[in-house]
Amino acid sequence: MGCVFCKKNGETYEYYSTHVLKDNRGKVVCPILRKYTCPTCQATGDSAHTQRHCPLLNAKGFGK
Ligand SMILES: [Zn+2]
Ligand SMILES: [Zn+2]
């Protein structure tokens, strides 16, 4: 398994296999995603996500 976020970002298997993207409660584990701040809703840390997965954008119908 490993972190799908880092995998997509082109990180090596040695790196992305060391952690997962989110734990089973939906909390962000990936250190790279945790540092990212969503430009749309400013979410970061535990609830960080990329703009593509922003619940605010999806709620407005701009997602997908
Ligand atoms: Zn990661
Ligand atoms: Zn967002």
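Cys30 is buried, with a relative accessibility of 0%; buried here means under 20% relative accessible area, exposed over 50% and partly exposed in between, judged with a 1.4 Å probe on protein chains only. Cys6 is likewise buried at 0%. The model is a predicted one, in which local features need pLDDT of at least 70 and side-chain atom pairs count only at pLDDT 80 or more, while totals for chains, interfaces and linings use all residues. Residues are numbered from 1 along each chain as its sequence is written, chains are lettered from A and ligands numbered from 1 in the order in which they are written, and side-chain values use heavy atoms, with hydrogens and water left out.

Both of these cysteines hold a metal. The zinc ion (ligand 1) is coordinated by Cys3 (SG), Cys6 (SG), His19 (NE2) and Cys30 (SG) at 2.1 to 2.3 Å, where donors are N, O and S atoms within 2.8 Å of the metal (3.2 Å for Na, K and Ca), and sites may look incomplete because water is not among the atoms. Along the chain, these donor residues are spaced C-x2-C-x12-H-x10-C. Cys6 in helix H1 (residues 4–8) and Cys30 in the loop between helix H2 (13–16) and H3 form a pair that links distant parts of the chain, 24 residues apart; helices (H or I, at least four residues) are DSSP runs numbered from the N terminus. The 4 donor atoms subtend angles of 106 to 112°, so the arrangement is tetrahedral, a label given to four donors if all angles lie between 85 and 135 degrees.

The zinc ion (ligand 2) has Cys38 (SG), Cys41 (SG), His49 (NE2) and Cys54 (SG) as its protein donors, at 2.1 to 2.3 Å. Angles of 103 to 114° among the 4 donor atoms make this site tetrahedral, and the donors follow the spacing C-x2-C-x7-H-x4-C. Cys38 and Cys54 both lie in the loop between helix H3 (31–35) and helix H4 (55–59), so the pair ties together parts that are 16 residues apart in sequence. Cys38 is buried at 0% relative accessibility, and Cys54 is buried with a relative accessible area of 0%.

Finally, a look at open space.

Terms used: Tetrahedral: all angles 85-135°; square planar, octahedral: opposite > 155°, others 65-115°. Helix = DSSP H or I, 4+ residues; strand = E, 2+ residues; numbered from the N terminus.
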